[in-house]
Amino acid sequence: MRGQARWAAVILIILAASLAMPAAHADDAYPAKPVHVLVGFPAGSVADIVIRLLGQKASADLGQPFVVENRPGASSNIAAELVARAPKDGYTLLMATIANTINASLYHNLSFSFANDLAPIMMVASVPTVLAVNPQLPAHDVKGLIGLAKEKPGQLFFASSGNGTFTHLLGELFNMTAGVRLAHVPYKGSPEVLADLIAGRVMVTFIPASAVLQHGKQGSVRLLATTGPKRTAAAPDLPTVAESGLPGFEGSLWMGVLAPAGTPPAAVDRLAKALSAALAAPDVKAALAGQGIDEVGLGPADFAVYIRQDTDKWAKVVKTIGLKIE
């Protein structure tokens with residue numbers, strides 16, 4: 001009987017080991033089917049262009065298609081919630097942007113937490129943003145603009161592409177950091193902002209570099225600085241706001257890929273490696289540069305830290321100005 005008991009125990013161990021083996025191979029086999037990436041903005045938007053460009057390279061690396069699906073609405077909240085509630089298997093991803101960290105405090109009825117319900121894979125790119133003024137404004141650098149704003153509190157107006165947008169909150173962050181009061185004028189988008197900046201109907205704006213760099217070269221607007229943590233490849237001679245007299249100021253229109261929280265680490269790591277390789281491809285680098293987009297390549301751990309810091313930063317701005325969207 002004792003011998004039979006020992007054999008029974010051995011058989012149970014062998015069975016347990018054999019049952020565990022497919023699970024181990026399952027991670028190695030990822031991905032075994034197409035990977036779907038949801039974009040919270042329409043086709044042709046910058047986020048859409050970037051993920052389609054990277055997806056072509058990542059598809060070849062992973063051996064499975066990257067299927068991009070546009071789910072616009074509620075400033076990317078619809079797409080983010082769909083991914084947050086998706087199976088935790090690495091086959092449904094989100095192409096997120098800075099809108100998602102802003103939305104965390106701007107919207108008070110969200111049924112998910114962007115910071116807690118999604119797992120960062122990689123911040124892939126950033127769109128340079130420029131602090132620009134009308135040439136008639138007697139401010140030739142950031143310090144000059146701050147000095148002028150302090151002389152005329154509430155009398156200088158800055159334009160944005162709409163209430164609650166990145167460019168709006170970036171202007172409010174500038175107010176808070178510099179201790180000034182530029183009055184806000186919301187527009188429907190960057191083209192309208194640029195037209196009125198050139199015409200002198202507004203004197204200050206924060207605007208994507210791709211929309212304004214050529215006008216800066218022509219002299220129809222004056223470019224003071226970029227808003228990111230470092231100078232942009234699109235305009236390497238243009239200093240950042242931080243190095244121009246306002247230390248600590250930074251705001252980046254970033255884009256990155258996330259999965260549902262709880263996605264297997266092996267899948268996250270595999271996706272991060274594929275995206276990193278795609279960013280390093282010479283033709284991808286050239287295509288991004290041609291669109292005036294800076295590559296980033298921030299991995300899962302650092303991207304997670306950045307998201308929490310970015311969420312906290314914009315929450316302070318939203319609370320200070322008392323802005324909310326239901």
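**View 1. Contacts across the predicted protein chain.** Of the contacts (heavy atoms within 4.5 Å) with a separation of 6 or more, 78% join residues 24 or more positions apart. The C-alpha trace spans about 95 × 40 × 30 Å along its principal axes. Twelve helices and eleven strands make up the secondary structure; these are DSSP runs, numbered from the N terminus, with helices H or I of at least four residues and strands E of at least two.

This is a predicted model, in which local features need pLDDT of at least 70, side-chain atom pairs count only at pLDDT 80 or more, and totals for chains, interfaces and linings use all residues. Residues are numbered from 1 along each chain as its sequence is written, and side-chain values use heavy atoms, with hydrogens and water left out.

**View 2. Confidence and the stretch 1–27.** The chain averages a pLDDT (the predictor's confidence in each residue, from 0 to 100) of 91, and 91% of the residues score at least 70. Over residues 1–27 the pLDDT is below 50. Beyond near neighbours in sequence, this stretch has two contacts in the model. Where pLDDT is low, predicted coordinates should not be read in detail.

**View 3. Asn77 in helix 3.** Asn77 belongs to helix 3, which covers residues 77–84. Its relative accessible area is 7%, so Asn77 is buried (under 20% relative accessible area, 1.4 Å probe, protein chains only). Leaving aside neighbours within four places in sequence, Asn77 contacts Asn103, Tyr107, Leu110 and Phe112. Across the chain, 47% of the 326 residues count as buried.

Methods: Buried < 20%, exposed > 50% of the residue type's maximum accessible area, 1.4 Å probe, protein only.
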